[in-house]
Amino acid sequence: MSLPVDSVSIAGAGPTGALLAIPLQRSGAHVTLFESRPDPRGGAGESGRSINLALADRGIHALKLAGVFDEIRGALVPMRGRMVHGQDGSASLQPYGLRPREVIYSISRHRLNEVLLRVALRQPRVAVRFEHRLEDADVEARVAKVRDLRHGLDVSVPMRPLLAADGAGSVMRRRMAALGLIEARESDLEHGYKELSIPADRHGGYRMAREALHIWPRGGYMLIALPNDDGSFTATLFLPRHGPLSFASLTSPASIEQFLSADFPDARALMPDCVAEFQRNPTGFLGTVHAAGWHASGTAALVGDAAHAIVPFHGQGLNCCFEDCLEFDACAARHSSWQDVFEEFYAIRKPDTEAIAAISLENYLEMRERVADPKFQLQQALALELERRFPARFIPRYSMVMFHHEIPYRTALERGIIQARLLEQLTAGAAALEDIDYGLAGREIESRLAPIVISPG
Ligand SMILES: Cc1cc2nc3c(=O)[nH]c(=O)nc-3n(C[C@H](O)[C@H](O)[C@H](O)COP(=O)(O)OP(=O)(O)OC[C@H]3O[C@@H](n4cnc5c(N)ncnc54)[C@H](O)[C@@H]3O)c2cc1C
């Protein structure tokens, strides 16, 4: 089966749009990406946005299938666990997985996007129009209005079809919702984020353990830091946007200094410019996009964050978007009309993206509060121990999400609920792993969790 098209337009050449272009053109389509920003290749990248990301198995799997992974492999910094920093300056590493390969990777957002664009533009049938912003779309007439920002001109772009990979604030999604073609809701988190930096030491070395995702959990808020490959870390402070202790209340240099020094004294000592950065860098919004129906008339479809942006607390937004690209391509290979492609893509991805949205929201509480709780730490250690003893049936939810692309998000959510109850039951009254009744654990796991098929290795 093949699609009766020779040209596909994609709005947005971020990670989703750029990756999606690669398999689509391989199947014979001519793909034109319209990107509102200037060409990022060769530039320094945008400051003030999250400049590194956690890449995990789902994202890596998609990059490998697209033939891109080898080009970014060298820029990845492995993170083997969470380094949890207490208020008293203590630090302890909680490993992410059981096996050496079960790590996640920090990657520069800018570098990743640049590589994706380079690879996309090497393909014979891909073109990118930078500084071209999608402004409107007439779905019935199958024409989109794109603004050429460099020349101040409007350009009419045929939608045969138009795939909207224009991110969480998608113009296309809002337009389709305004026309009643889909339903869409954006639910903002009351917390925002701000980036700060921990520079390398004067020899270019790391000033904290390199291969970890650092977390300073403080209950109502938290600071995290991911390593870059140049000895620095990018730190991100998550804090309420409004209220007594919030981005809105911390306005003077003295109040910012006081807050950071009191709550994160060890991190503060590593961030010489944090007060200026706090004032200079924008406060980012976080939220979840819930859209019912991602497509209209076989003419337009949403993909990536445009369809299902999520909060970043499981480090899965981008990984999920890359999984979209694989799934979209697989659907395109199975059908001969775009309407059918879009319908199947939606049917497959909607339950999974809803599942990861829920998991990601839950993980905020886990990161900012529960990681410091001894009971939670025991349950985490037990989850890994149960995986060691019963690998065919028990895989910690974190591992299902981060290390097993073959396990759909919805399965991770469903099994995770059963497993959480079991961990609660087994740790009631236990202070250490030696106190656990593993006979009972085995019987309960056998009766409650069906064997799960995972790929070897
Ligand atoms: C603080 C933070 C931390 C995160 N950390 C992680 C992480 O560790 N791991 C992870 O997997 N995910 C993470 N994410 C999520 C990840 O950033 C997103 O899921 C991912 O960037 C989505 O890719 P996208 O291409 O769909 O959208 P975007 O990255 O938003 O790209 C959209 C592109 O479209 C362009 N565009 C927008 N509007 C228009 C228009 N009208 N016309 C033309 N072009 C347009 C934009 O310029 C951009 O290039 C994080 C997000 C945040 C906010």
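**Reading the interior**

Mentor: Ser360 is buried, its relative accessible area being 0%, where buried means under 20% relative accessible area, exposed over 50% and partly exposed in between, with a 1.4 Å probe and protein chains only. This is a predicted model, in which local features need pLDDT of at least 70 and side-chain atom pairs count only at pLDDT 80 or more, while totals for chains, interfaces and linings use all residues. Residues are numbered from 1 along each chain as its sequence is written, and side-chain values use heavy atoms, with hydrogens and water left out.

Trainee: In which helix is Ser360 found, and with which residues is Ser360 in contact, leaving aside its neighbours within four places in sequence?

Mentor: Ser360 belongs to helix H11; helices (H or I, at least four residues) and strands (E, at least two) are DSSP runs, numbered from the N terminus. Contact means heavy atoms within 4.5 Å, and, with neighbours within four places in sequence set aside, Ser360 is in contact with Ile310, Val311, Phe313 and His314.

Trainee: How should I read a nonpolar core, and which residues have the most contacts inside the largest one?

Mentor: In soluble globular proteins, nonpolar side chains tend to be buried together. A nonpolar core is a set of buried Ala, Val, Leu, Ile, Met, Phe, Trp, Tyr and Cys residues joined through side-chain atoms within 4.5 Å. Here the largest has 68 residues, and those with the most contacts inside it are Ile10, Leu19, Leu63 and Met172. Apart from that core lies another, of 34 residues, with Ala54, Leu189, Leu226 and Val311 among them.

Trainee: Which element gives the largest share of the lining of the largest cavity?

Mentor: H11 does, with four residues, and the lining residues include Trp294, His308, Lys350 and Glu354. By class, this lining has six nonpolar, two polar and two charged residues, where Ala, Val, Leu, Ile, Met, Phe, Trp, Tyr, Cys and Pro count as nonpolar, Asp, Glu, Lys and Arg as charged, and the others, Gly among them, as polar.

Trainee: What of the second largest pocket, and which residues lie nearest its centre?

Mentor: About 620 Å³ of space lies in the second largest pocket. Of the 30 residues that line it, Glu366, Phe376, Gln380, Ala383 and Leu423 lie nearest its centre, and the lining divides into 14 nonpolar, ten polar and six charged residues.

Trainee: What share of the whole protein is buried?

Mentor: Buried residues make up 53% of the 457 residues, and the secondary structure comes to 15 helices and 20 strands.

Conventions:
On a 1 Å grid over the protein atoms alone, a cavity is a set of points where a 1.4 Å probe fits but cannot get out, and a pocket is an open set with protein on both sides within 12 Å along at least five of seven lines; lining residues have an atom within 4 Å of a point. Grid points are joined across faces, edges and corners, and a volume is the space filled by probe spheres set on the points.
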